[in-house]
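Visitor: I would like to learn how to read a model like this one. Could you take me through it feature by feature?

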Amino acid sequence: MLLPDQMLFAALITISLAGAMLAVLLDRRRACLTVPYAAAALSSAIALILSLSVLLGLGDVTLALPTYISRLGAFSLHIDRLSAFFLLVASIVTMCVSIYSMGYLREYRGRYSMGRMGFLFNIFVLSLYMVLTAGNAVLFLVAWEVMSVSSYLLVMYEWRREDSVSSGLLYLVMTHLGTALISMAFVLMWTQTGSFDFSSFAGIREMETTSGTMRSAMFLLLLIGFGTKAGLVPMHVWLPKAHPAAPTNMSALMSAVMVKTAVFMMIRCCFGFLGVTEVWWGLLVLLIASISALVGVLYAVAETDIKRILAYSTVENMGIIFIGIGAAMVFQAAAHGDPSAPYLSGIAALALVASLFHTMSHALFKSLLFMGAGAVVSSSHTRNVEEMGGIGRRMRYTGALFFVGVLSISAIPPLNGFVGEWMLFQSLFLSQTIGDPMVNVLIPAAVAALAL
């Protein structure tokens, strides 16, 4: 007998699958513009309820799947507080994008298959939620692969355009490179625990038999693997090509939500599974993140394509988020090496909270900006911002909402983009309490990158 929250979880999966099947059945009918996206919005509403129930302290939610392979462990979906936070972010954005899709996709009717879009959209959303809640490494990789392949097919949705095909192929190659490295890291974890369950991986940080070299190898594989999905420099090459090539509703989901799955797993793996004991881990993340933030904003300034501007801005903001993660790792490792300075753990928590806050902020304003960009491109029939003069007088509501997103992404107080970056500044300024010379060089460099 399923508990109420488990019944909701099962309903989420059932509705998503039903939405995908109905999209295929209604392919050439007008209802195909509403029914699949209503199903996606409903499943997102259920995900929102589940995430809030966990965050409000009503207990974790676990749904055991009817599959068990002795060597792979039990397949289950589990929502704890960390996954609930990311599920909350994903469900809010997905619900808004699902509603937006009902109007936006009208221009594709008669030119491309509506059933294919509705099917892939629901499969992508379901796989996204499963990535955030998987309790087993094998199940996670299956969901990760479904998410990657469905998003690849959506990037190539406008298959008659040459740039969509080439961008999709580049994305497919890069995402599978990342998946291979992540798989290698999970196999190394399995050699230490004898199980693929994430609950067993959590014991690695307490294992004295796991050498520092083994932990570092796992960390590097995870950093490159998830850094590829996050679009960190130099693994970012696919992002400014794939995001603009996809239909705008998918650009919004990929840029605002999908890349955040990498943030989620880096936090879970580094802080939850491995335990952060090496300062150089955090310094390496800080270095890569700072370069990503600088490269992203410099390329964005030089662009004239509105969707490519927003894509490069995602590279920049992922750099900002990973600056917070890197700083938290530096402080946590310093606290591990100096038990007499417990305040360092508090500073690490502040940096991590700043990173999580900016994760939510970026998801909200970036999805708003992409949806606004989609409306503008549909009206003006151009993606060149230099050819959009006067469009604000024709699209006043879109212009007003877009302006709110622009203020937030520019970190103008008191909007959420400012709050996250200000919290991050506060944590970085406290690095002076650490005597490591490399910390005293790289943290100020990160502050300068963030300020610029």
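Guide: We will go from the overall fold to helix packing and then to the backbone.
This is a predicted model, in which local features need pLDDT of at least 70 and side-chain atom pairs count only at pLDDT 80 or more, while totals for chains, interfaces and linings use all residues. Residues are numbered from 1 along each chain as its sequence is written, and side-chain values use heavy atoms, with hydrogens and water left out.

Visitor: How many helices and strands are in the protein chain?

Guide: The protein chain has 18 helices and 2 strands. Both are DSSP runs numbered from the N terminus: helices are H or I with at least four residues, and strands are E with at least two.

Visitor: What does the radius of gyration say about the protein chain?

Guide: The radius is taken over C-alpha atoms, and the globule rule is 2.2 Å times the number of residues to the power 0.38. For 452 residues a compact globule would come near 22 Å, and the protein chain agrees with its 22 Å. Its C-alpha trace spans about 65 × 55 × 40 Å along the principal axes.

Visitor: What span does helix H2 reach from its first C-alpha to its last?

Guide: The expected span of a helix is 1.5 Å times one less than its number of residues. H2 (residues 35–55) has 21 residues and reaches 30 Å, close to the 30 Å expected. Glycine 57, with a positive phi near 90°, follows H2.

Visitor: How are two packed helices described?

Guide: By the angle between their axes and the distance between the axes. Axes here are lines fitted to C-alpha atoms, for helices over the stretch in contact, and angles run from 0 to 180 degrees between N-to-C directions. Angles under 35 degrees count as roughly parallel, over 145 as roughly antiparallel, 65 to 115 as roughly perpendicular and the rest as oblique.
Take H3 (residues 81–104) and H14 (residues 343–380): their axes come within 10 Å and cross at roughly 5°, so H3 and H14 are roughly parallel. Contact means heavy atoms within 4.5 Å. Residues that meet include Phe85, Ile92 and Tyr100 in H3 and Leu356, Met360 and Phe370 in H14. This contact of H3 with H14 divides into 17 nonpolar, 4 polar and no charged residues. Nonpolar covers Ala, Val, Leu, Ile, Met, Phe, Trp, Tyr, Cys and Pro; charged covers Asp, Glu, Lys and Arg; the others, Gly among them, are polar.

Visitor: At what angle do helix H4 and helix H10 pack?

Guide: H4 (residues 114–133) and H10 (residues 248–258) pack at about 5°, with axes 12 Å apart, and are therefore roughly parallel to each other. The contact is made by Met117, Phe121, Phe124, Val125 and Leu128 of H4 with Asn249, Met250, Leu253, Val257 and Met258 of H10. By class, this contact of H4 with H10 has 9 nonpolar, 1 polar and no charged residues.

Visitor: Where is alanine 411 placed?

Guide: Alanine 411 is in the loop between H16 and H17. Its phi is near 60°, a positive value in a residue other than glycine. Proline 414 is placed in the loop between H16 (396–409) and H17 (416–429).
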